[in-house]
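Here is a friendly walk through a two-chain model, in questions and answers. Take a look at it first.

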Amino acid sequence: MVDMNVNLAAADKIVDPAFAAPVKLGVSDLTIRYGGTAALSGVNLEVREHEIFGIIGPANAGKTSFLKTLNRMDTFNTNMSVEGEILFNGLNVQNLKNIYALRSRIGVVFPLPVGLPLTIYENVALSPRLRGIKRKSELDVIVERCLSRAALWDEVKDRLNSLGSLLSGGQQQRLTIARALSQEPDLLMLDEFSIAVDPVTTMRIEDVLKELKHDMTIILVTNLVQQARRLADRTAFFLEGECVEVGITEDLFTGEVKDQRTRDYVEGKFG
Amino acid sequence: MFAESALNVRNKRVQNLFRILFLMMTVLLIIPVVIILATLIAKGGSIISIDFLFTDPTNGMTAGGIFPALLGTVWIVAVALLASVPLGVAAAIYLNEYAGDNWFTRIIQLAIINLAGVPSIVHALFGVGAFVIFFGFGTSILAASLTLAIMTLPVVIVSTRESLRAVPQAFREACWNMGATRWQTIRRVVLPNAVSGILTGVILEVSRTTGETAPIMFTGAAFFLPFLPQGVFDQTMALSLHLFVVATQVPGVPDNLPFGVALVLIAMVLLMNSISIAFRMYLRGKKKW
């Protein structure tokens with residue numbers, strides 16, 4: 001058993017040196033239930049530092065529930081129960097006392113952009129403020145940096161004090177990415193970020209993600225398999241509450257799959 | 001091809017019938033308001049003057065002004081607000097932002113609904129028992145205001161909850177995801193966007209409190225007082241009770257006096273409502289999503 005693990009790790013290394021990176025997030029035997037029904041069961045996977053980890057799968061596969069348990073958003077849903085182990089930076093998130101600190105280290109981008117009813121500036125300055133940064137000069141730097149990294153600065157630098165919700169859908173989504181970056185996260189989770197975004201903006205955001213990967217780990221949930229192919233180093237395929245397969249992304253598309261359902265899904269035969 | 005069938009004709013006729021019926025109902029609603037206002041202005045308008053508003057009643061309340069009553073109403077309403085708004089807003093925030101859906105909150109909900117249904121005279125008797133006698137406030141502004149506060153508490157709680165509920169849940173979740181605590185979320189995002197609705201509810205409460213008579217007549221409002229209240233432990237006159245008194249209890253009052261008092265009372269209420277509506281419109285224009 002131990003030998004096999006070593007061999008697997010060695011095999012990964014041969015394929016891509018990036019996978020020698022330490023484990024950012026280790027998930028074992030994760031089962032999520034809503035009431036009595038399981039939304040996701042028996043998930044085992046690892047996300048390594050500085051990779052883009054794709055999660056593909058049709059609706060109701062348990063992708064969003066999975067993300068929620070990672071930053072302990074399950075605490076807001078009394079109906080939701082989580083079993084198994086999630087190690088973030090080696091710490092079990094289920095046992096963390098300070099879940100606020102955990103959440104602040106994980107940036108989340110939702111399917112539909114949620115521009116808070118604040119100005120563009122305040123949307124990005126909110127998280128630093130929550131951390132206790134008060135000085136305007138410091139905030140200015142953070143706001144400019146985050147908006148620039150989200151490829152939005154040039155479009156909004158002249159109207160930082162207008163409402164974030166007045167931006168277009170694509171701009172708002174970049175604003176939420178900037179807001180997530182203002183948390184200075186270790187891990188950025190994007191949940192089908194391109195649903196309400198035009199293709200051009202989607203491409204811009206994808207370029208942004210490729211850049212961000214050097215500074216953080218990214219989990220990209222997407223229902224566009226080609227997006228996963230373009231971006232993700234490794235990809236997991238979720239189907240009906242089951243993690244069918246985890247593998248190097250390109251392998252999933254070139255037929256190196258362990259499960260026929262994965263092949264069918266990436267080839268568009270269902271889903 | 002498009003010739004009207006008998007069915008078409010009938011549908012059209014029924015449709016017109018209902019439209020007219022509903023229109024008539026709507027017009028009926030307006031009529032009492034118009035008649036009340038017109039009567040008050042016609043019969044009481046002649047007495048309204050600066051002197052009427054700012055002098056004491058004289059000749060056994062058959063002449064003079066209404067200043068002590070006017071001031072007393074302001075006192076009572078202000079103290080009632082000071083008690084009910086913090087309490088009601090805090091309770092609403094708890095119920096909407098913290099409490100889950102369990103038996104405890106459901107009992108509280110039920111209590112609030114029942115509190116709203118309690119007749120005002122029962123509140124009055126409760127006020128006598130609780131504030132006047134048990135807490136020993138005597139018949140005073142404090143006792144009257146607290147009685148009113150308890151009576152209007154459900155209004156504040158319900159209207160505050162509604163405006164909190166109108167803030168989209170996605171805003172809260174976005175904040176929580178950033179690692180904000182519930183309180184940080186409430187303070188930074190929820191309350192700033194709910195404050196317009198909360199204030200509107202408060203103003204409506206003011207207008208309701210202004211006109212109440214029963215809860216204050218046993219707890220703090222006096223028939224006639226020759227002096228102005230100096231603090232919350234004093235009794236005071238109040239407009240609503242004063243109207244009742246001059247209209248029914250005092251012989252020899254000129255006709256236009258009670259109508260004048262009523263006009264001032266209703267003007268206060270309408271003024272509050274107008275402020276509330278204007279305020280709501282102003283804030284709705286500034287709505288951020």
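Helices (H or I, at least four residues) and strands (E, at least two) are DSSP runs, numbered from the N terminus. This is a predicted model, in which local features need pLDDT of at least 70, side-chain atom pairs count only at pLDDT 80 or more, and totals for chains, interfaces and linings use all residues. Residues are numbered from 1 along each chain as its sequence is written, while chains are lettered from A and ligands numbered from 1 in the order in which they are written.

Q: What is the mean pLDDT of chain A?
A: Let's begin with confidence: pLDDT is the predictor's confidence in each residue, from 0 to 100. In chain A, 92% of the residues reach 70 or more. Residues 1-15 of chain A stay under 50, and the model has four contacts for them beyond four places in sequence (two residues are in contact if their C-beta atoms, placed from the backbone, lie within 7 Å). The mean pLDDT of chain A is 87.

Q: Is strand E9 of chain A largely enclosed or largely open?
A: A residue is buried if 20 or more other C-beta atoms lie within 10 Å of its own, exposed if 12 or fewer, and partly exposed in between, with C-beta atoms placed from the backbone. Strand E9 of chain A covers residues 234-239, and six of its six residues are buried. Therefore the rest of the structure leaves E9(A) largely enclosed.

Q: Which residues of E9(A) point the opposite way from A:Arg234, A:Ala236 and A:Phe238?
A: In a regular strand the side chains alternate between the two faces of the sheet. In E9(A), A:Arg234, A:Ala236 and A:Phe238 share one direction, and the residues on either side are all buried. Pointing the other way are A:Thr235, A:Phe237 and A:Leu239.

Q: Which residue takes a positive phi in the hairpin of E9(A) and E10(A)?
A: E9(A) pairs in the antiparallel sense with strand E10 of chain A (residues 242-248), over six bridges. Within this pairing, A:Phe238 stands opposite A:Cys243. The hairpin has two residues between the strands, and the positive phi, near 45°, belongs to A:Glu240.

Q: Which residue takes a positive phi in the hairpin of E4(A) and E5(A)?
A: Strand E1 of chain A (residues 23-34) is joined to E4(A) by eight bridges and runs antiparallel to it, with A:Arg33 and A:Ser81 as bridge partners. E4(A) also pairs in the antiparallel sense with strand E5 (residues 91-92) of chain A over two bridges, where A:Leu87 has A:Asn92 as its bridge partner. In the hairpin of E4(A) and E5(A), with two residues between the strands, a positive phi near 55° is found at A:Asn89.

Q: Is A:Arg72 buried or exposed?
A: A:Arg72 sits in the loop between helix H2 (63-70) and strand E4 (80-88) of chain A. Although not a glycine, A:Arg72 has a positive phi of about 60°. Because A:Arg72 has 20 C-beta neighbours inside 10 Å, it counts as buried.

Q: How many C-beta neighbours inside 10 Å does A:Glu184 have?
A: A:Glu184 belongs to the loop between helix H7 (169-182) and strand E7 (187-191) of chain A. A:Glu184 is not a glycine, yet its phi is positive, at about 50°. A:Glu184 counts as partly exposed because its C-beta neighbours inside 10 Å number 17.

Q: Which helix gives the most to the side of chain A that touches chain B?
A: The contact takes 18 residues from chain A and 16 residues from chain B. On the side of chain A, helix H3 (99-104) and helix H4 (120-130) each supply at least two residues. The one that gives the most, with four residues, is H3(A).

Q: What is the radius of gyration of chain B?
A: Chain B holds 11 helices and two strands. The radius is taken over C-alpha atoms, and the globule rule is 2.2 Å times the number of residues to the power 0.38. For 289 residues that rule gives 19 Å, and chain B is well over it, so chain B is more spread out than a compact globule, with a radius of gyration of 24 Å.

Key:
Two strands pair if DSSP finds at least two bridges between them.
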